[in-house]
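Visitor: Before we look, I would like each label you use to be set against the criterion behind it.
Guide: Then let us take the labels one at a time.

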Amino acid sequence: MTEKFHLISMTGGWTPGYTFHGDAIKVFREFFGGDNPFSELFDNYDPEIGFGGAHGRGRRKQDPPIERELYLTLEEVFKGCTKKMKISRRVMNEDGHTSNIRDKILTINVKPGWKSGTRITFPNEGDQGPNNIPADIVFIVKDKPHSIFKREGKDLFFTATVPLGKALTGCTVDVPTLDGRLISVPINDIVKPGYTKRVPAEGVPTSKDPNIRGDLVINFDIAFPNKLSSEQKRLLKDALLP
């Protein structure tokens, strides 16, 4: 929208019949409260807001933040990675009145150990307009579901399925890691409902210090046999019953 302003010329000069007498500076001081009648106007001027201060008509408001979810695999969180996000936004042309849509690539350097909920802000990357401050674009980290692990903070949780016999007599659990290794964890305790095994420093790195890692927590799913022979039942009774 283009506004037109018209200047109206006042002819005739001073109003006929009026003659000024006295000290002009004194009159200005008494009328305006100072020697410069425009001092308050310029004292309150802010280039981002305009004349009139925060309550004036020229105030530019910033659009609310634009939030988008950034889903990362646990492998990406474990190792760190670079994500490039393409956005399309309205950009003002040099004339200050017209605009067009342009694409832009935003680069996110994901640090190892970033938590779910981490916010990455790109200031003023939203749509531009003649009377607005562009919105910030905010990406919020979310974990992609993983096939075998679940993350809670810096700890990784893994569920191992073991047969009842091994749960009672001991076993070894093989666990793949996010960096491609396979670790063997000996289980010497009796595995009963609610039992967990914690393996130190096999979890996710912390974002402040990648050398400090959380733990791997192994939960157990005990697989009971579908049926037992008479001999197996007898042996179990002899072994387990008093």
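Visitor: Which residues form a nonpolar patch on the surface?
Guide: In this predicted model, the patch is formed by Leu168, Ile190, Leu228, Leu236, Leu240 and Leu241, which together have about 550 Å² of accessible area.

Visitor: Why is leucine 240 called exposed?
Guide: Leucine 240 has a relative accessible area of 57%, and the term exposed applies over 50%, so leucine 240 is exposed. This leucine lies in helix 5, which spans residues 230-240.

Visitor: What lines the second largest pocket?
Guide: The lining consists of Leu164, Gly165, Leu168, Thr169, Pro225, Leu228, Gln232, Leu236 and Leu240, around a pocket with a volume of about 190 Å³. Two or more of these residues come from each of helix 4 (164-169) and helix 5, and helix 4 gives the largest share, 4 residues.

Visitor: How many cavities of 30 Å³ or more does a search of the whole structure find?
Guide: The search finds 1 such cavity, and the largest cavity holds about 50 Å³ of space. Its lining has 7 nonpolar, 1 polar and 3 charged residues. Asp, Glu and Arg count as charged, so Asp179, Glu202 and Arg213, which are among the lining residues, belong to the charged class.

How values were computed:
Residues are numbered from 1 along each chain as its sequence is written. This is a predicted model: local features need pLDDT of at least 70, side-chain atom pairs count only at pLDDT 80 or more; totals for chains, interfaces and linings use all residues. Side-chain values use heavy atoms; hydrogens and water are left out. Patches are made of residues with over 30% relative accessible area and no salt bridge: like charges are joined within 9 Å, nonpolar side chains (Val, Leu, Ile, Met, Phe, Trp, Tyr) within 5 Å. Accessible areas come from the Shrake-Rupley method with a 1.4 Å probe; for residues, only the protein chains shown count as cover. A salt bridge is a side-chain nitrogen of Lys or Arg within 4 Å of a carboxyl oxygen of Asp or Glu. Buried means under 20% relative accessible area, exposed over 50%, partly exposed in between (1.4 Å probe, protein chains only). On a 1 Å grid over the protein atoms alone, a cavity is a set of points where a 1.4 Å probe fits but cannot get out, and a pocket is an open set with protein on both sides within 12 Å along at least five of seven lines; lining residues have an atom within 4 Å of a point. Grid points are joined across faces, edges and corners, and a volume is the space filled by probe spheres set on the points.
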